[in-house]
Amino acid sequence: VSSNNKPRVAFLPCPGMGHMIPHFEFAKLLVKNHNILVSFLVITTDASAAQNQFFESPNIPQGIRIVNIPPADMSNIIDENTLVLSRICLTVQESLKPLRSILAEVNPKVLIIDLFTSEAIDLAKQLSISVYTFTTASAGFLAFSLYLPTLDREVEEEFVDLPHPINVPGCRPERIEDLLDQVRNRKIDEYKWFLFHMDRLRLADGIFENSWEDLEPLALKAVREHAFFKSIQTPPVYPIGPLIKPDEFIAEKDAKIIAWLDNQPPDSVLFVVFGSGGTLTSEQLTELAWGLEMSEQRFILVARKPSDASASAAYFNVGNDQNDDPSVYLPEGFVERTKRVGIIVSSWAPQAAILGHGSTGAFLSHCGWNSCLESLSHGVPILAWPLYAEQKMNATQLEDGVDVAVKPVVQKGEKKVIGREEIERVVRLIMEGEEGMVLRSRAKQLKLSAEKALSYGGSSYNSVCRVVDIWKSLI
Ligand code: UDP
């Protein structure tokens, strides 16, 4: 097929590594398996080192063109108090002002947008471009989000004041304490932005979901078959996951981590990182360090500089703090005392390669959806420590339903710090307890089921083929 006849697809993920990575994996899959030409539109922000490195990589396959959308001037629009989702949405809104000319130049038949780039829908429709959303969160989250506009109309008070869980049609009830941050206060901008974009999910021609049939059977069935979702004209939902970062190219500075893992026994290392942007308070980081040390387990700890102001302090400058010295903000003597059992990294670790390594036995994770999928794809059980966004929802689903995770018990009361004894207990439980073995074997089952879904004739494989057939008929 000459390149003129190949379907042209453009991607428009929103800023953040947790969005870029799965969108890019999907782009690679379309190029490799389906002979599609991709333009990958990147909303650049004040340069996160991790994002820059990602797109400088020599591994960008032929068939994908990176189109950088220049950074918008955000100086009068956001300040240090702007919360993370408002910041993303405002950045997207400003950056997409030249979208018409970008699309005219790129000339795609299909535009794949993200949860928070739905402004592009109207313009795409005017230009007769088909629009699909690729949601980088779970199907449970998708069901909740499709239901939110109805909930917003029907409930007057704050959702957090409701005396009962939220019954998303056909899904497991959503516990109030697990509600995502963005819907916990309906008066603030975060909520308005979230509702704005979720209300537009229905306008796409189809929704790709980074999940697979066996992982979330209930929510996937609900969004496709339940009368409620039909009544709001939910477009077809295609589970195509798990699309995760493959075992990555290991930079020289990271090679020593992998070499160290090579020398550890199978399933013996706990990997600890809170996603691309998660940070702990200084008090919590201290407790975590003590808990790890007391557990006497092997570990790799990504110890970012703590922040008492925000749990997502590193979101917009991921990887910029590679020169921080963790011994300054970890308990005195911790680095020295644990050096025989642990490795400490200041900001960014090769997560995919670590999770894929046979010595890694469990993952202490903030439960961002990509991290969940990466862990399960490698058969690694999760010690769930959710921080922000929809992570509490994910953590509960993985603990109670998917049965691959355990959560530390958070004491009720004002101070939401997880103490060192509790951390020691759950770390021992998942690394050496019987419960840990059960979780590990369940995670290994899911690994096989994920491989099956993605391979030729599997459910996720077939979902992609179905849509590509539709696209090819558009030409
Ligand atoms: N990641 C990584 N190294 C790190 C931290 C994160 O490679 O030290 C990657 C991780 O593999 C995943 C993504 O960044 O692909 C984080 O996405 P997730 O949805 O888990 O969380 P978010 O960062 O969006 O909160």
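Which residue in E7 is the bridge partner of glutamate 209? It is proline 239. Keep in mind, as you look around, that this is a predicted model.

That pair belongs to the link between E6 and E7, two strands that run parallel and are joined by 3 bridges. On its other pairing, strand E6 (residues 206–209) meets E5, again in the parallel sense, over 4 bridges. There, tyrosine 132 has glycine 206 of E6 as its bridge partner.

## The seven-stranded sheet

Now step back to the whole sheet. These strands sit in an open sheet of 7 strands, ordered E3-E2-E1-E4-E5-E6-E7, with parallel pairing. Strand E3 (64–69) and strand E7 (237–239) stand at the edges with a single partner strand each, so one side of each has no neighbour in the sheet. From one strand to the next, the twist averages 25°.

Further along the order, strand E1 (residues 8–12) runs parallel to strand E2 (residues 37–43), and 4 bridges join them.

## The six-stranded sheet

A further open sheet has 6 strands in the order E10-E9-E8-E11-E12-E13, and its pairing is parallel. Its edge strands are strand E10 (342–345) and strand E13 (405–406), each of which pairs on one side only.

Strand E9 (residues 298–302) pairs with E10 in the parallel sense over 4 bridges. Within that pairing, isoleucine 300 stands opposite isoleucine 343 in E10.

## Two helix pairs

Let us turn to the helices. Two packed helices are described by the angle between their axes and the distance between the axes. For helix H3 (residues 84–95) and helix H7 (residues 189–199), the axes come within 8 Å and cross at roughly 55°. H3 passes H7 in a left-handed crossing. Leu85, Ser86 and Cys89 of H3 make the contact with Asp189, Glu190, Trp193 and Phe194 of H7. Sorted by class, that contact has 4 nonpolar, 1 polar and 2 charged residues.

Helix H6 (residues 139–154) packs with helix H8 (residues 217–225) at an angle of about 35°, and their axes are 8 Å apart. This crossing of H6 and H8 is left-handed. On the H6 side you will find Ala139, Gly140, Leu142, Ala143 and Leu146, which meet Ala219, Leu220, Ala222 and Val223 in H8. Here the classes are 8 nonpolar, 1 polar and no charged residues.

## Around the ligand

What surrounds the ligand? There are 19 residues around it, and Gly18, Gly275, Ser276, Gly368 and Ser371 come nearest. Helix H1 (17–34), helix H13 (351–355) and helix H14 (369–377) are the elements that give two or more residues to this shell. H14 provides the largest share, 4 residues.

By class, the shell around the ligand divides into 8 nonpolar, 9 polar and 2 charged residues.

Key. Residues numbered from 1 in each chain as written. Predicted model: local features only at pLDDT ≥ 70, side-chain atom pairs only at ≥ 80, totals over all residues. Axes fitted to C-alpha atoms, helices over the stretch in contact; angles between N-to-C directions. Left-handed = near helix turned anticlockwise from the far one by under 90°. Contact = placed C-beta atoms within 7 Å. Nonpolar A, V, L, I, M, F, W, Y, C, P; charged D, E, K, R; others polar. Near = placed C-beta within 6 Å. Pairing = 2+ DSSP bridges.
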